[in-house]
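Subject: Structure for your files, with notes

Hello,

Please find the structure below. My notes come after it.

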Amino acid sequence: KMKLYQKMPVIHFKPIEINKSHTKNKDKDNKTDQLYQCPAYLYPIRTGTREKPSFVCNINLKSGKNSPSFWSKRGTALLLSL
């Protein structure tokens, strides 16, 4: 049975330089090391409004045994709880 919502563990953000992040991931060629750029939204309605857009940022998550396109085709996203 497919679930519409799944709980995600708490994510603590640690800023890093983009160049270091990209070089670190280029060295890894395993399928399990691929990253999915998961969009994060403030509201369940992804479009938001003109005054308050819902999109916050993309969060790089390991895609596991599936490719990043697997998650993208299913519209996988994070919903923030502030």
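First, the conventions. This is a predicted model, in which local features need pLDDT of at least 70 and side-chain atom pairs count only at pLDDT 80 or more, while totals for chains, interfaces and linings use all residues. Numbering starts from 1 along each chain as its sequence is written, and side-chain values use heavy atoms, with hydrogens and water left out.

Overall layout

The protein has two helices and three strands, in the order α-β-β-α-β along the sequence. Both kinds of element are DSSP runs numbered from the N terminus: helices are H or I with at least four residues, strands are E with at least two. Of the 82 residues, 13% count as buried; buried means under 20% relative accessible area, exposed over 50%, and partly exposed in between, with a 1.4 Å probe and protein chains only. Among contacts (heavy atoms within 4.5 Å) with a separation of 6 or more, 57% are between residues 24 or more positions apart.

The sheet

The three strands form an open sheet in the order E2-E1-E3, with mixed pairing. Strands E2 (55-62) and E3 (78-79) are at the edges, each pairing on one side only. Two strands are taken to pair if DSSP finds at least two bridges between them. Strand E1 (residues 35-41) runs antiparallel to E2, and seven bridges join them. Gln-37 has Asn-60 in E2 as its bridge partner, and Leu-35 stands opposite Lys-62 in E2. E1 and E3 run parallel and are joined by two bridges; here Ala-40 has Leu-78 as its partner in E3. E1 is mostly covered, with five of its seven residues buried.

Is Ile-59 buried or exposed? This residue of strand E2 counts as buried because its relative accessibility is 8%. Leaving out residues up to four places away in sequence, Ile-59 touches Phe-13, Tyr-36, Gln-37, Cys-38, Ala-40 and Leu-78. Phe-13 is 46 residues from Ile-59 in sequence, and their C-alpha atoms are 9.5 Å apart.

Leu-79, in strand E3, counts as partly exposed because its relative accessibility is 43%. Beyond its neighbours within four places in sequence, Leu-79 is in contact with Tyr-41, Leu-42, Tyr-43 and Pro-44.

The largest pocket

The largest pocket has a volume of about 1,300 Å³. Of the 32 residues that line it, those closest to its centre are Leu-4, Gln-6, Thr-76, Ala-77 and Leu-78. A pocket is an open set of points on a 1 Å grid over the protein atoms alone, where a 1.4 Å probe fits, with protein on both sides within 12 Å along at least five of seven lines; lining residues have an atom within 4 Å of a point. E1, E2, helix H2 (68-73) and E3 each supply at least two residues of the lining. The lining divides into 22 nonpolar, five polar and five charged residues. Nonpolar covers Ala, Val, Leu, Ile, Met, Phe, Trp, Tyr, Cys and Pro; charged covers Asp, Glu, Lys and Arg; the others, Gly among them, are polar.

Regards

Methods. Points joined across faces, edges and corners; volume = space filled by probe spheres on them.
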